[in-house]
Amino acid sequence: MSTVMKSIQHLTRALACATLGFLLQAPAHARDLVLGFSQLGSESQWRIANTKSIQESAKAAGVQLRFENAEGNPAAQVTAIRAFISQKVDVIALAPGVTTGWDDVLKEAREAGIPVIITDRGIDTHDDGLYATVLGSDFAEEGRRAARWLVRSGTAKAQVRIVELQGTSGSAPAIERKAGFEEVLRTDPRYKVVRSEVANFSKDKGREVMAAILQSEKQVDVVYAHNDDMALGAIEALEAAGRKPGKDVLLISVDATRGAFEAMVQNKLNVTVECNPLIGPQLMDLVKLVKAGKPVPKRVQSREGVFAMDKAASLIGSRKY
Ligand code: AHR
């Protein structure tokens with residue numbers, strides 16, 4: 001290849017990189033990209049941190065955000081998406097409360113030529129062409145991690161009786177955290193889930209449901225809560241019933257919020273599996289790529305760890321949510 005051709009190729013590549021770089025780092029005043037975001041609710045500390053992350057990252061990325069919070073009502077999310085379509089936003093992001101019921105409205109978005117990014121929770125559909133990508137956590141793996149921690153923590157008991165507090169019915173984290181947990185426990189017959197009740201990812205409901213369970217379940221060795229808020233509610237119910245959470249009842253939960261770290265420092269919660277809500281910056285990068293017609297992976301995952309009680313005091317200061 002001639003030197004002239006090589007220089008032209010070089011220049012073309014440099015220009016392409018500069019354009020993409022510009023697109024990804026558009027200054028705050030370049031308000032030409034409009035993102036409609038449908039948030040599912042405000043049920044937990046995780047969700048509050050997630051909303052804040054989306055709003056702050058949009059501002060920092062120069063994306064004009066239209067934010068609608070459905071406060072736990074999936075029908076209101078469908079209405080919000082239809083409003084975004086009629087407003088002709090550039091990209092729609094959806095944090096779906098439940099897995100099903102999205103096909104019709106997502107088809108409408110596709111017909112209008114508006115790309116959709118699913119964030120946080122996945123959806124159940126046969127047509128994966130309805131969305132550009134899913135950004136979020138691997139909830140089944142979080143359930144497996146919770147169970148692996150329990151099995152590895154060892155027990156001298158012949159039978160370990162577990163109470164499970166489930167998140168909202170029909171939501172991806174409730175379905176998948178349950179399945180992942182059960183998958184690992186099947187390998188050891190000593191572990192038995194004796195009660196599994198829905199507590200909607202909320203602290204108040206976690207307290208109420210746990211208190212009711214304690215009326216009839218006299219032997220509870222472990223509480224596995226699908227999120228920290230429900231675990232914190234369960235801790236209060238256990239204490240009110242004269243039990244010692246973290247000691248005579250092991251507490252396992254998911255999210256790794258500051259509240260969970262505080263409970264671990266007080267020796268009341270044994271372990272929390274991280275589920276990272278701070279996905280705003282990753283979302284804004286994807287929004288810009290999708291809008292620019294660039295290829296994006298069908299699944300983008302957040303990086304997460306597992307934190308046990310013994311490390312809580314040294315880590316609590318660095319927690320961002
Ligand atoms: O979808 C993520 C889950 O939703 C979080 O674990 C829970 O706290 C939230 O309400």
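Reader: Into which domains is the protein chain divided?
Author: This is a predicted model, in which local features need pLDDT of at least 70 and side-chain atom pairs count only at pLDDT 80 or more, while totals for chains, interfaces and linings use all residues. Residues are numbered from 1 along each chain as its sequence is written, and side-chain values use heavy atoms, with hydrogens and water left out. The bounds come from an automatic or database domain assignment. On that basis the protein chain falls into domain 1 (33-136 + 277-302) and domain 2 (139-275).

Reader: How many residues of domain 2 does the contact take?
Author: The C-alpha centres of domain 1 and domain 2 are 30 Å apart. The contact (heavy atoms within 4.5 Å) draws 11 residues from domain 1, and from domain 2 the number is 15 residues.

Reader: Which strands stand at the edges of the open sheet with parallel pairing?
Author: Strands are DSSP runs of E of at least two residues and helices are runs of H or I of at least four, numbered from the N terminus; two strands pair if DSSP finds at least two bridges between them. The 6 strands of this open sheet follow the order β2-β1-β3-β4-β5-β11. A single partner strand is found for each edge strand, so one side of each has no neighbour in the sheet; these are β2 (63-69) and β11 (299-301).

Reader: At about what angle to β1 does helix α10 run?
Author: Axes are lines fitted to C-alpha atoms, for helices over the stretch in contact, and angles between N-to-C directions run from 0 to 180 degrees. Helix α10 (residues 280-291) lies across β1 (33-39), β2, β3 (91-94), β4 (116-120), β5 and β11, and its angle to β1 is about 130 degrees.

Reader: What is the average twist in the sheet with mixed pairing?
Author: This open sheet has 6 strands in the order β7-β6-β8-β9-β10-β12. Its edges are β7 (191-198) and β12 (306-308), each with a single partner strand, so one side of each is left without a neighbour in the sheet. From one strand to the next, the twist averages 20 degrees.

Reader: Which residue of β8 is the bridge partner of Leu165?
Author: Strands β6 (residues 160-166) and β8 (residues 222-225) run parallel and are joined by 4 bridges. The partner of Leu165 in β8 is Ala225.

Reader: What share of the ligand's exposed area does the protein bury?
Author: The residues around the ligand (a heavy atom within 4 Å) include Trp46, Asp120, Phe139 and Asp255. Among the polar contacts (N or O atoms within 3.5 Å), side-chain atoms of Ser44, Arg121 and Asn227 each lie 2.9 Å from an oxygen atom of the ligand. Accessible area is taken by the Shrake-Rupley method with a 1.4 Å probe; alone, the ligand exposes 280 Å², and the share buried by the protein is 100%.

Notes. Polar contact = N/O pair within 3.5 Å; in protein donor to acceptor, adjacent residues only side chain to side chain.
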